Amino acid sequence: MNKKGFVALALSAAMLAGCGGSSSAAAASADSGKGSVYYLNFKPEADEYWQDLASEYTKETGVKVTVLTAASGEYESTLKSEMAKSEKPTLFQVNGPVGLASWKDYCYDLSGSDIEGQLSNKAYELKDGDKVAGIAYVTEAYGLITNKALLEKAGYSVDDIKSFDDLKKVAEDITARKDELGFAAFTSPGMDSSSDWRFKTHLANLPIYYEYKDAGVDDEEELKGTYLPNYKNIWDLYINNSTVDPSQLSTATGDQSEAEFVNQQAVFFQNGTWEYDKVKAVGDDNLAFLPIYFGVDDANEGLCMGTENYWCVNSQASEEDIKATLDFMNWCVTSDEGVKAMTSGDKMGFNIPFKSNPESSNVLFNLANANTGTPVSWNFTTMPSEEWKNTLGQALTVYAADQSDANWDQVKSAFVDNWAAEKKLAASNN
């Protein structure tokens, strides 16, 4: 997860010859002889690799790097808790303008820093006026990860799916023959907290994207809900053509959905490039990456592409810790060790928006790069609050279990009415 206006996903940049050596960056940190780094990591799936990278950096430079990883869906509350302690994070993350509004007073101005100079495009800066408050450290794409081999067993190919109507036809046919085929159309659209973000945030991005596009804006204090019928259509398709009965989705987890895809129990898995290390188990040649066709501009729609991952340096840390943190950040995106850890498909598997970004070993990145549709920008950083997402998620879960008009009306209210209320609340708090 900028999205406020499309942030392009630079999926294949050649590594610069002069960026490889870790010695110069490491020496810069070692020369300071002071300071330490405390990184509050947003991505649980990358924790192991950040811990390893922190250890490597400490080994090379003698600078202590502590990494704490927040639980899924708990980053904001963890950040608030850690910032209230005497030992505060020196490096943290915001998800875009909405997140920045809460933490801008803690954001060191990165203008002119080494890390800013490594960016491949200034579009990856998060600005607070003239101040560079944050810098994107990963760009990503999401859509429908597809098992081509299973699709072919069902009698179709990816060329047969060019629109929502095509997707619906294929999915419902697979469901009708589910027992015969031995697999479902979609993995479980679980609404456990480990999975619900895929639908209350990522899927919910699409009706917001198209409404913003109509209005020519990148944020709104109120939504009309113009494309909620399309949102309903795709949600109905997911919940009624998956591995799990709709009434059981409240407890279905992200790991469950992931395992269903890896174990070839379903053709389609709504998720993103960050899943490559897991889904590669089905074979690179079997992977396709389709847009979430929404029935609006299917002929032109591409994958959802952007970022919601902005590094910020704590301006209230000591001068020594700020310098140590800036040196660590720069080392991560210039050294051989850092770039490999961040970009390799068998490690973090990120696409990084820096000059050092290599040709990706993550097949999903390459598939995203090959998609010729118009990328759907990531607008969910304009969602007014976690409360808005949670209220929407609860309404979607209730509707899945009992697909009545009255329950869908609650989804619409959670989307439109609660948006206006939470935007007003956020404005009053700022």
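Guide: Start with a term: a residue counts as buried when its relative accessible area is under 20%. This is a predicted model, and the strand to look at is β6, residues 140-147. By that cut-off, eight of the eight residues of β6 are buried, so the strand is largely enclosed by the rest of the structure.

Now its pairings. β6 is joined to β8 (residues 266-272) by five bridges. The two strands run antiparallel. Within this pairing, I145 has F269 of β8 as its bridge partner. β9 (residues 287-290) also pairs with β6, through four bridges, and again the run is antiparallel. β10 covers residues 301-306 and runs antiparallel to β6, with three bridges between them.

Next, the helices. A pair of packed helices is described by the angle between the axes and the distance between them.

Take α2 and α14. α2 spans residues 47-61 and α14 spans residues 319-334. Their axes come within 12 Å and cross at roughly 110 degrees. Angles of 65 to 115 degrees count as roughly perpendicular, and α2 and α14 are therefore roughly perpendicular to each other. The crossing is right-handed. From α2, the contact uses W50, L53, E56, Y57 and E60. α14 answers with A324, D327, F328, W331 and C332. Sorted by type, the residues of this contact are seven nonpolar, no polar and three charged.

The other pair is α11 and α17. α11 is residues 228-240, and α17 is residues 386-401. The axes of α11 and α17 come within 11 Å, crossing at roughly 55 degrees. That angle makes α11 oblique to α17. This crossing, too, is right-handed. On the α11 side, the contact residues are Y231, K232, W235, D236 and I239. On the α17 side they are L392, L396, Y399 and A400. The contact of α11 with α17 divides into seven nonpolar residues, no polar ones and two charged.

To recap the strand: β6 has antiparallel links to β8, to β9 and to β10.

Methods:
Residues are numbered from 1 along each chain as its sequence is written. This is a predicted model: local features need pLDDT of at least 70, side-chain atom pairs count only at pLDDT 80 or more; totals for chains, interfaces and linings use all residues. Side-chain values use heavy atoms; hydrogens and water are left out. Axes are lines fitted to C-alpha atoms, for helices over the stretch in contact, and angles run from 0 to 180 degrees between N-to-C directions. Angles under 35 degrees count as roughly parallel, over 145 as roughly antiparallel, 65 to 115 as roughly perpendicular and the rest as oblique. A crossing is left-handed if the near helix is turned anticlockwise from the far one by less than a right angle, and right-handed if clockwise. Contact means heavy atoms within 4.5 Å. Ala, Val, Leu, Ile, Met, Phe, Trp, Tyr, Cys and Pro count as nonpolar, Asp, Glu, Lys and Arg as charged, and the others, Gly among them, as polar. Buried means under 20% relative accessible area, exposed over 50%, partly exposed in between (1.4 Å probe, protein chains only). Two strands pair if DSSP finds at least two bridges between them.
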